[in-house]
Amino acid sequence: QVQLVESGGGLVQAGGSLRLTCAASGRTFSNYAMGWFRQVPGKEREFVAAISWSGDTYVDSVKGRFTVSRDNAKNTVYLQMNSLKPEDTAIYYCAAATSPLTLKIGPEYWGQGTQVTVSS
């Protein structure tokens, strides 16, 4: 089992920045591909970014604005969000999977989510 706890969400004005943090516990953190998803009420959960031994990937809408990183010594993954837009408003979820492919199609583990609200 892997437990994931997100933090760092909040309210920010358009153009501002936030950094989300996901603390993991349980299994060997470095063995997992880690990622971020987001969901708006009434819509499907959307892949945002992922990081693993094969590199990092992003959804097109956040490229150049968001950066995913991880600190394996601290069992932590981060999502630095810059130049935020109102359309980035969502609940952001941390996720873990045993492979980058599994992460994108169906992560094995999820955090509880953290709300990000961007005002115009």
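Which residues does Glu108 touch, not counting residues up to four places away in sequence? In this predicted model, Glu108 touches Ala96, Ala97, Thr98 and Thr102. Glu108 sits in the loop between α1 (100–105) and β10. With a relative accessibility of 37%, Glu108 counts as partly exposed. Gly9 is 99 residues away from Glu108 along the chain, and the C-alpha atoms of the two are separated by 23 Å.

**The four-stranded sheet**

Four strands make up an open sheet with antiparallel pairing, in the order β1-β3-β8-β7. The edges are taken by β1 (2–7) and β7 (66–71); each has a single partner strand, so one side of each is left without a neighbour in the sheet. From one strand to the next, the twist averages 15°.

At one end of this order, β7 and β8 (residues 76–81) run antiparallel and are joined by six bridges. Within this pairing, Arg70 has Val77 in β8 as its bridge partner. Val77 also belongs to the nonpolar core described below, where it is among the residues with the most contacts.

**The disulfide**

The whole structure contains one disulfide. It joins Cys22 to Cys94, with an S to S distance of 2.1 Å. Cys22 lies in β3 (residues 18–26) and Cys94 in β9 (residues 90–97), so the bond ties together parts that are 72 residues apart in sequence. The torsion about the S-S bond is about -80°, so the disulfide is left-handed. Both Cys22 and Cys94 are buried.

**Nonpolar cores**

The largest nonpolar core has 29 residues. Those with the most contacts inside it are Leu4, Met34, Trp36, Val77, Leu79, Met81 and Tyr92. At least two residues of this core come from each of β1, β3, β4 (33–39), β5 (46–52), β7, β8, β9 and β11 (114–119). Apart from this core lies another, of seven residues, including Phe37, Phe47, Ala50 and Ala95.

**Strand β4 and its partners**

Is β4 largely enclosed or largely open? Six of its seven residues are buried, so β4 is largely enclosed by the rest of the structure. Seven bridges pair β4 with β9 in the antiparallel sense, and in β9 the bridge partner of Arg38 is Tyr92. Strand β4 also runs antiparallel to β5, with five bridges between them; here Trp36 has Ala49 in β5 as its bridge partner. Both Trp36 and Tyr92 are among the residues with the most contacts in the largest nonpolar core.

A hairpin is formed by β4 and β5, with six residues between the two strands. In the turn, Gly42 has a positive phi of about 90°.

**Aromatic pairs**

A pair of aromatic rings is described by the distance of the centres and the angle of the planes. The structure has four aromatic pairs.

| Ring pair | Centre to centre | Angle between planes | Arrangement |
|---|---|---|---|
| Phe37 and Phe47 | 5.6 Å | 80° | edge-to-face |
| Phe37 and Trp110 | 5.0 Å | 65° | edge-to-face |

Planes over 60 degrees apart count as edge-to-face, and the angle of 65° places Phe37 and Trp110 in that class.

Each pair links distant parts of the chain. Phe37 in β4 and Phe47 in β5 are 10 residues apart, whereas Phe37 and Trp110, the latter in β10 (residues 109–110), are 73 residues apart. Phe37 is buried, with a relative accessible area of 5%. Phe47 is buried as well, at 16%, but Trp110 is partly exposed, at 33%. Ring pairs link Phe37, Phe47, Tyr93 and Trp110 into a cluster.

Note on methods
Residues are numbered from 1 along each chain as its sequence is written. This is a predicted model: local features need pLDDT of at least 70, side-chain atom pairs count only at pLDDT 80 or more; totals for chains, interfaces and linings use all residues. Side-chain values use heavy atoms; hydrogens and water are left out. Two strands pair if DSSP finds at least two bridges between them. Axes are lines fitted to C-alpha atoms, for helices over the stretch in contact, and angles run from 0 to 180 degrees between N-to-C directions. A disulfide is a pair of cysteine sulfur atoms within 2.5 Å. Buried means under 20% relative accessible area, exposed over 50%, partly exposed in between (1.4 Å probe, protein chains only). A nonpolar core is a set of buried Ala, Val, Leu, Ile, Met, Phe, Trp, Tyr and Cys residues joined through side-chain atoms within 4.5 Å. Rings of Phe, Tyr and Trp (its six-membered ring) pair if their centres lie within 6.5 Å; planes under 30 degrees apart count as stacked, over 60 as edge-to-face and the rest as tilted. Contact means heavy atoms within 4.5 Å.
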